[in-house]
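Hi,

Here is the structure I promised to pass on. Have a look at it first, and then read my notes below.

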Amino acid sequence: MDKNLFTDASQRLEKALNYVSISDDAIEHLKYAKASLQVSIPVRMDDGSLKIFPGYRVRYDDTRGPTKGGVRYHPNVGLDEVTSLAFWMTFKCAVLNLPFGGAKGGITLNPKRLSKLELERLSRGYVNAIADFIGPNVDILAPDIYTNSMIMGWMMDQYSIIQRQITPAVVTGKPVTIGGSLGRNTATATGAFYVIENIMAKFDRLPRETTVAIQGFGNAGAELAELLAKFGYKVVAVSDSQGGIYAKQGLDIPSIRRCKQFIKGMQAVYCEGTVCSIMEHQVLTNAELLTLDVDLLIPAALENQITVENAHNIQARFIFEVANGPITSEADRILEEQGIYVFPDILVNAGGVTVSYFEWVQNRNGFYWTLSEVNQRLKEKMIEETENIWRISQEFGVSMRTAAYIHGLNRLGEAINTKGTRDYYVNG
């Protein structure tokens, strides 16, 4: 992971600052994470050996409420990456007008090399190490890359053991049977779909005339691919960490998802009843997928996928960031010069944190909503803020990313200013 990721992430604010009336105090406040924690997690492995895994948790800003953010398990996890993700989450919560600040956590490892028992020991050990740093009124955990509802359930259970009371609101993305919210496991994809539908209507784009390529076929990417295909979009390419597939005529996404589940690989499969056959398709790399001639490009994998090295080769007209930070700030400028519309992560993938907020509210009230209620509330939130950011973009003639940061900065600035600024203390 690039050690300058946080520097690159914070550069997103430079343009936005030209369009907001924000105090110097607020700008200074947002330059730094409020608190960072690095821990060592000892795990007794199945073979009896002991391994130590480095873990991290960063609470970036809690001006608007307790911090909120996922926990990722990945070999590239480090303090710089976690700080950057917490920074983005701060703005994401402000953009969606959620009463949260931003946080993030992670453990450096390849989770595919651990057994399920080892993963449970690791997950519980992580909570043991950070228990004094989190809480339902302080910092709330959620799933991220290579963490899921089962892992969130272990974390919630371990925190409850430490506190000697059931505390479901400390973790979101849990199994529904122990306090999770309906719709949370598909929320990132569902929220992104609402944004895409709203934006495509502004350009008079019909689904059947719109081709889509999705880099990243994990939980969010695969679910979004199936949603888009269901509503008539032509999904022509998808990929996972091992590579991807392309078919000009479009892919049968449900069949590919079933195939990937059983053989752990990607291939274009057409299924009718119990009979499946291989569709004609082209195998391609993740890098090649990014440069396909499609209408919609959806990076849904990791950070820094579109950089100065490949930005000039991007042919898509619209990019929707489902991953966090898939485009560097330098690549952003190139894409803007090429007339490519980029819709930023702090809006597009905010469905996850929005339904996490819904889950937190339900846990605290002890009253749970139906799936239709969750999705309706999510749709209203995503469309409302998409419209707000679109209006700002049109008003100032700026990109949707800059408009999103303007929107978030205004809300954060107002909240920070209520605690007092230089002007208040010096000029009364």
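One term before anything else: a residue is called buried when its relative accessible area is under 20%, exposed when over 50%, and partly exposed in between (1.4 Å probe, protein chains only). E385 is a buried residue by that rule, because its relative accessible area is 1%.

Some housekeeping. This is a predicted model, so local features need pLDDT of at least 70 and side-chain atom pairs count only at pLDDT 80 or more, while totals for chains, interfaces and linings use all residues. Residues are numbered from 1 along each chain as its sequence is written, and side-chain values use heavy atoms, with hydrogens and water left out.

Now the salt bridges, meaning a side-chain nitrogen of Lys or Arg within 4 Å of a carboxyl oxygen of Asp or Glu. The search of the whole structure turned up 21 of them.

Start with E385 again: its side chain meets that of R411 in a salt bridge, at 3.4 Å from N to O. E385 sits in helix α14 (residues 371–396) and R411 in helix α15 (residues 400–417), so this pair ties together parts 26 residues apart in sequence. (Helices are DSSP runs of H or I with at least four residues, strands are runs of E with at least two, and both are numbered from the N terminus.) R411 is buried as well, with a relative accessible area of 15%.

Next, go to R72, which is buried at 3% relative accessible area. Which residues does R72 meet? One of them is D144, with 2.7 Å from N to O. D144 lies in the loop between β5 (139–143) and α6 (149–163) and R72 in strand β3 (residues 67–74), so the pair ties together parts 72 residues apart in sequence. D144 counts as buried too, at 18% relative accessibility.

R72 also forms a salt bridge with E303, the closest N and O atoms being 2.8 Å apart. That pair links distant parts of the chain, 231 residues apart, with E303 in the loop between β12 (296–299) and β13 (318–320). E303 is buried at 5% relative accessibility. These residues belong to a network of salt bridges that links R72, E81, K104, D144 and E303.

Last, a strand pair (DSSP must find at least two bridges between two strands for them to pair). Strands β1 (residues 35–44) and β2 (residues 50–61) run antiparallel and are joined by 10 bridges. V43 stands opposite K51 in β2. The β1 and β2 hairpin has 5 residues between the strands, and G48 there takes a positive phi near 95°.

Cheers
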